[in-house]
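Student: Could you take me through this structure and say what lies behind each word used to describe it?

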Amino acid sequence: MDVIVKPYIGGTMRIGELERRSGVNRRLLRYYEEQGLLRPERKPNGYREYAEPDVAAVRHIRNLLAAGLSTATIADLLPCMGKDGDDLIADCPELLLDLHREHARIQAAIHELETARTTLEAVIATAPPEAERAARAMLAPAS
């Protein structure tokens, strides 16, 4: 999901503004903080104050989570990531091993799903036409 980020005037923002700008609810933002993914400044009154780079950090966290990485891996990875505009760059060679492993795990899962799909397609293809019609009738909404 692409989030449109509007320019923010000011040096820091509270969690509500980060929520609005990132599209991520404050409960998740607090969770990211608990996991060491975000490190907002804490004011004496307990309020969290976020900086402009935190908006991009949340976007990167969401993308890495969507890629299948755990929050623990992301916490290790983020400090080793450089930035090229809005893109993350893997700057730490030792973490590339984790990224390669995760990539291989995802590839294996994709292969398993493709095999399962092919098997299902083969079984479905053996159904006689009357069974296929009956199945489609069950799926059709009642009028």
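Tutor: What follows is a set of questions on confidence, helix packing and strand pairing.
Tutor: This is a predicted model, in which local features need pLDDT of at least 70 and side-chain atom pairs count only at pLDDT 80 or more, while totals for chains, interfaces and linings use all residues. Residues are numbered from 1 along each chain as its sequence is written, and side-chain values use heavy atoms, with hydrogens and water left out.

Student: Where does pLDDT stay under 50?
Tutor: On pLDDT, the predictor's confidence in each residue from 0 to 100, the protein averages 86, but residues 1-8 stay under 50. Where pLDDT is low, the predicted coordinates should not be read in detail.

Student: Why are α1 and α3 called oblique to each other?
Tutor: Helix α1 (residues 15-22) and helix α3 (residues 52-66) pack at about 50 degrees. Angles under 35 degrees count as roughly parallel, over 145 as roughly antiparallel, 65 to 115 as roughly perpendicular and the rest as oblique, and the pair is therefore oblique.

Student: Which residues of α1 meet α3?
Tutor: Leu18, Arg21 and Ser22 in α1 meet Glu52, Asp54, Val55 and Val58 in α3.

Student: What makes β2 and β3 a pair?
Tutor: Strands pair if DSSP finds at least two bridges between them, and two bridges join β2 to strand β3 (residues 48-51), the two running antiparallel; Glu41 has Glu49 in β3 as its bridge partner.

Student: Why do β1 and β2 stand at the edges?
Tutor: The open sheet has the order β1-β3-β2; β1 (12-13) and β2 (41-42) each have a single partner strand, so one side of each is left without a neighbour in the sheet.

Terms used: Contact means heavy atoms within 4.5 Å. Axes are lines fitted to C-alpha atoms, for helices over the stretch in contact, and angles run from 0 to 180 degrees between N-to-C directions. Helices (H or I, at least four residues) and strands (E, at least two) are DSSP runs, numbered from the N terminus.
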